[in-house]
Amino acid sequence: MANTASALKRVRQTKTRTARNKAAKSRLKTARRAVTDALAKGDKAAVDTALKTATSITARSAKAGLIHKNKAARVQSRLAKAANKAGA
């Protein structure tokens with residue numbers, strides 16, 4: 001276990017950051033799932049809304065360094081491609 005003040009502080013910071021990153025990644029996955037669920041239902045309006053939200057969240061996650069910018073681009077592209085294929 002950490003036994004200096006600075007090491008204890010780093011443990012606290014890591015715990016906080018881990019929780020924040022975990023929540024952000026969960027939010028990202030939920031947004032992606034919302035698009036796929038809307039596609040499965042065939043609801044055009046829901047697909048458009050979910051895609052817009054997912055694109056925004058993905059871009060912000062990449063900007064914050066949560067995911068790599070190329071991964072963000074790939075995710076956005078695949079979601080948009082699926083939405084277009086479904087006729088949304």
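Predicted model: local features only at pLDDT ≥ 70, side-chain atom pairs only at ≥ 80, totals over all residues.
Here, buried means under 20% relative accessible area, exposed means over 50%, and partly exposed covers what is in between (1.4 Å probe, protein chains only).

Residues are numbered from 1 along each chain as its sequence is written, and side-chain values use heavy atoms, leaving out hydrogens and water.

**How the helices pack**

- Helices (H or I, at least four residues) and strands (E, at least two) are DSSP runs, numbered from the N terminus.
- Two packed helices are described by the angle between their axes and the distance between the axes.
- Axes here are lines fitted to C-alpha atoms, for helices over the stretch in contact, and the angles run from 0 to 180 degrees between N-to-C directions.
- Angles under 35 degrees count as roughly parallel, over 145 as roughly antiparallel, 65 to 115 as roughly perpendicular, and the rest as oblique.

**α1 against α3**

- Helix α1 (residues 5-41) and helix α3 (residues 69-85) have axes that come within 10 Å and cross at roughly 15 degrees, so α1 and α3 are roughly parallel to each other.
- The crossing of α1 past α3 is left-handed (the near helix is turned anticlockwise from the far one by less than a right angle; clockwise would be right-handed).
- On the α1 side, Arg-32, Val-35 and Leu-39 meet Val-75, Leu-79, Ala-82 and Ala-83 of α3, where contact means heavy atoms within 4.5 Å.
- That contact of α1 with α3 divides into six nonpolar residues, no polar ones and one charged (Ala, Val, Leu, Ile, Met, Phe, Trp, Tyr, Cys and Pro count as nonpolar, Asp, Glu, Lys and Arg as charged, and the others, Gly among them, as polar).

**α2 against α3**

- The axes of α2 and α3 sit 9 Å apart at an angle of about 175 degrees, so this pair is roughly antiparallel.
- From α2, the contact residues include Val-47, Leu-51, Ala-54 and Thr-58, and from α3 they include Lys-69, Ala-72, Val-75 and Leu-79.
- The contact of α2 with α3 splits into 10 nonpolar, three polar and one charged.

**The nonpolar core**

- A nonpolar core is a set of buried Ala, Val, Leu, Ile, Met, Phe, Trp, Tyr and Cys residues joined through side-chain atoms within 4.5 Å.
- The largest one has 15 residues, and Val-35, Ala-54, Ile-67 and Leu-79 touch the most other members.
- Elements giving two or more residues to this core are α1, α2 and α3, with the largest share, six residues, coming from α2.

**Residues to look at**

The contacts below leave aside neighbours within four places in sequence.

- Ala-54 lies in α2 and is buried at 0% relative accessible area, in contact with Ala-31, Arg-32, Val-35 and Leu-79.
- Thr-58, also found in α2, is buried at 1% and touches Leu-28, Ile-67, Ala-72, Val-75 and Gln-76.
- Ser-61 has its place in helix α2 (residues 44-63) and is in contact with Leu-28, Leu-66 and Ile-67.
- Ile-67 is in contact with Leu-28, Thr-58, Ser-61, Ala-62 and Ala-72.
- Lys-52 of α2 is exposed at 66%, and its C-alpha is 9.4 Å from that of Ala-80, 28 residues apart in sequence.
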